[in-house]
Amino acid sequence: MAPEHGTPPTMTGAQALVASLERLGVEVVFGIPGGAILPAYDPLYDSSVRHILVRHEQGAGHAAEGYASATGRVGVCIATSGPGATNLVTPIADAYMDSGPIVAITGQVNSTSIGTDAFQEADIRGVTMPITKHNFLVTKVEDIPRAVKEAFHIAETGRPGPVLVDIAKDALTSEAPFVWPSGIELPGYRPTTRPHSRQVREAARMIADAKRPVLYIGGGVVRARAWKQLAELVEATRIPVVTTLMARGAFPDEHELHMGMPGMHGSVSAVGAIQQSDLLIAVGTRFDDRVTGKLDTFAPHAKVIHADIDPAEVSKNRLADLPVVGDARAFLKELTEAMQDVQMGDLSPWHATLASLKRRYPLGWEEETDGRLSPQYVIQRIGELSGPDAIFATGVGQHQMWSAHFLPHQEPRKFLTSGGAGTMGYCVPAAMGAKVGEPDAVVWGIDGDGCFQMTNQELVTCALNDIPIKIAVINNNVLGMVRQWQTLFYDRRYSNTDLSSERIPDFPKLAEAMGCVGLRAETPEEVDEVIKKALEINDGPVVVEFVVHKDAMVWPMVAAGTSNDDIKIARDMAPDWEEEVL
């Protein structure tokens, strides 16, 4: 019945939840129903919000992450109480580490039963407190609209991150007038987005004085949609750039001033640029241990300008000579403007040094001599044949690092991966979420045989929901990255890393059993053929198994806990830094 004289309509909490999602412009959610959340599924049945029924709650969470990373919008996942909610913990933690804007909505037992160890009760708010940006426990029906609106605001503003909304079942079934909040009132949450102008001017002065500056760019630049401002700053200053794993594509690889990815498996040119720099302009990055190596040896000659929207990250690991709190896009824009008032020094000797590093130590690999496929070649060909507009999601391990190096990273939001948490099983559901968010894009998941066996059930979800992703399984028959460490540091004692997955499972048959097309390539001559065939199939998901050499390794490599100066370009082979020092 329509309300009279502007009286708010009466709704159940479940109806209020769905109405709130609609008001916020949510187009799709990923989830699985269960007892405590079941009331919400009834109004969802008639809603404009598309619900995608996943096969495991972890898949729902990673799909929400993939959707968010590909589109820039908030991803939403739904689960019931107890084990349904706890199955979301891994993707929530993953989103927290990588600043992914997702909202996880969980059902909870009746408010009167909370704390009694009721059936399917888990204190998911307590469990996720350390891995969410904020979370809510809603026990009153009238609080649902406010909690949902605030959750979305918190998830996508400031430093993005996951927010949990846990709703008691009796709040979903009770009724109350639906009152949509006119605004957001969060007195304790006011992110600083505008950097202080004095800090920006000082940054410009420090850059003008530097002889070997480097822009150290992290995933925050992508989350802030600041790639255009980054390009304008580089154009104005000609400062060399390195992009972390989470920032691949924020600055095009093909640009002459892009030195590549820094860190444990970074390029020699990127690692060398940082180690020899006299000024690091770090934007939207957190000096992660996988980038810094032994922290007290990282960029030993450099002063540091650290700009981040999260004040907790500034000087957390490396003390900043100039801390700047603010949005990456605003900082880069204002810094470009401030550079007009200073005189840059001559950077041509620095450019020549880094160009020499890129020329002498390019990324590459040694072809296998036994006829087996090189995984690097496979990944490179997928990228070349699919083009720079394709979206790529990866699992975690060797194939992730090869993907970071050999795919065409020319545009932002085209490379989705689990960086901070390193979550095996991320690939398939994240690719699914990306394809839902960007249905016209070619979406590849590049996965390992180990990762693929963790969440491949979401291919059933893709087959039944017309989500035509393409998955490349880089099958080296082992847990490749762990085996690489066993080779290098554990005297080749291969304890529990042999998956025996060359034929068990039979990946093409497994794909067919889940409603997908299954293909396999075992020789170099078959690679292009199966990739092209996969690219021609657009009416359903495709799985392509590439049987590759088990002993292929990721190079370059900085051993954990050692200095970036000790980078190896192959086993027992290091670059000759002496020729490159200015």
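Two cavities of 30 Å³ or more turn up in this model, where a cavity is a set of points on a 1 Å grid over the protein atoms alone at which a 1.4 Å probe fits but cannot get out. The model is predicted, so local features need pLDDT of at least 70 and side-chain atom pairs count only at pLDDT 80 or more, while totals for chains, interfaces and linings use all residues. Residues are numbered from 1 along each chain as its sequence is written, and side-chain values use heavy atoms, with hydrogens and water left out.

**Cavities and a pocket**

- Rolling a probe the size of a water molecule over the atoms shows where empty space is left.
- The largest cavity holds about 40 Å³ of space, a volume being the space filled by probe spheres set on the grid points, which are joined across faces, edges and corners.
- Its lining is made up of Gln 398, Gly 480, Arg 483, Gln 484, Thr 487, Lys 550, Asp 551, Ala 552 and Met 553; lining residues have an atom within 4 Å of a point.
- Helix 21 (residues 480–489) gives the largest share of the lining of the largest cavity, four residues; helices (H or I, at least four residues) and strands (E, at least two) are DSSP runs, numbered from the N terminus.
- By class, the lining of the largest cavity has two nonpolar, four polar and three charged residues. Here Ala, Val, Leu, Ile, Met, Phe, Trp, Tyr, Cys and Pro count as nonpolar, Asp, Glu, Lys and Arg as charged, and the others, Gly among them, as polar.
- The second largest cavity has about 30 Å³ of space, and Leu 17, Val 18, Leu 21, Ala 40, Tyr 41, Leu 44 and Ile 78 line it.
- Helix 1 (13–23) and helix 2 (38–44) are the elements that give two or more residues to the lining of the second largest cavity.
- That lining divides into seven nonpolar, no polar and no charged residues.
- Turning to open space, the second largest pocket contains about 560 Å³; a pocket is an open set of points with protein on both sides within 12 Å along at least five of seven lines.
- Of the 24 residues that line the second largest pocket, Gly 364, Trp 365, Glu 366, Trp 555 and Ala 570 lie nearest its centre.
- The lining of the second largest pocket comprises 14 nonpolar, five polar and five charged residues.

- An open sheet is formed by six strands in the order 3-2-4-5-7-6, with parallel pairing; two strands pair if DSSP finds at least two bridges between them.
- Strand 3 (50–53) and strand 6 (134–138) are the edge strands, each pairing on one side only.
- From one strand to the next, the twist averages 20°; axes are lines fitted to C-alpha atoms, for helices over the stretch in contact, and angles run from 0 to 180 degrees between N-to-C directions.
- Helix 3 (residues 57–71) packs on the sheet and touches strand 2 (28–31), strand 4 (75–79) and strand 5 (102–108), with its direction at about 170° to that of strand 4. Contact means heavy atoms within 4.5 Å.
- Strands 2 and 3 run parallel and are joined by four bridges; the bridge partner of Val 29 in strand 3 is His 51.
- In strand 2, Val 28 and Phe 30 point one way, Val 29 and Gly 31 point the other way, and all are buried. Buried means under 20% relative accessible area, exposed over 50% and partly exposed in between (1.4 Å probe, protein chains only).

**A covered helix**

- Helix 18 (residues 427–437) is mostly covered, with 11 of its 11 residues buried; among them are Cys 427, Met 432 and Lys 435.

**Backbone details**

- Most residues other than glycine have a negative phi, and most peptide bonds are trans.
- A cis peptide bond, with omega about 0°, joins Ile 504 and Pro 505, and Pro 505 is in the loop between helix 21 and helix 22 (507–513).
- Another cis bond runs from Trp 555 to Pro 556, with omega near 0°; Pro 556 lies in the segment after strand 19 (542–547).
- Asp 117 has a positive phi near 60° and lies in the loop between strand 5 and helix 6 (124–128). Asp 117 counts as exposed because its relative accessibility is 74%.
- Ser 315 has a positive phi near 65° and sits in the loop between strand 12 (303–308) and strand 13 (322–325). With a relative accessible area of 27%, Ser 315 is partly exposed.
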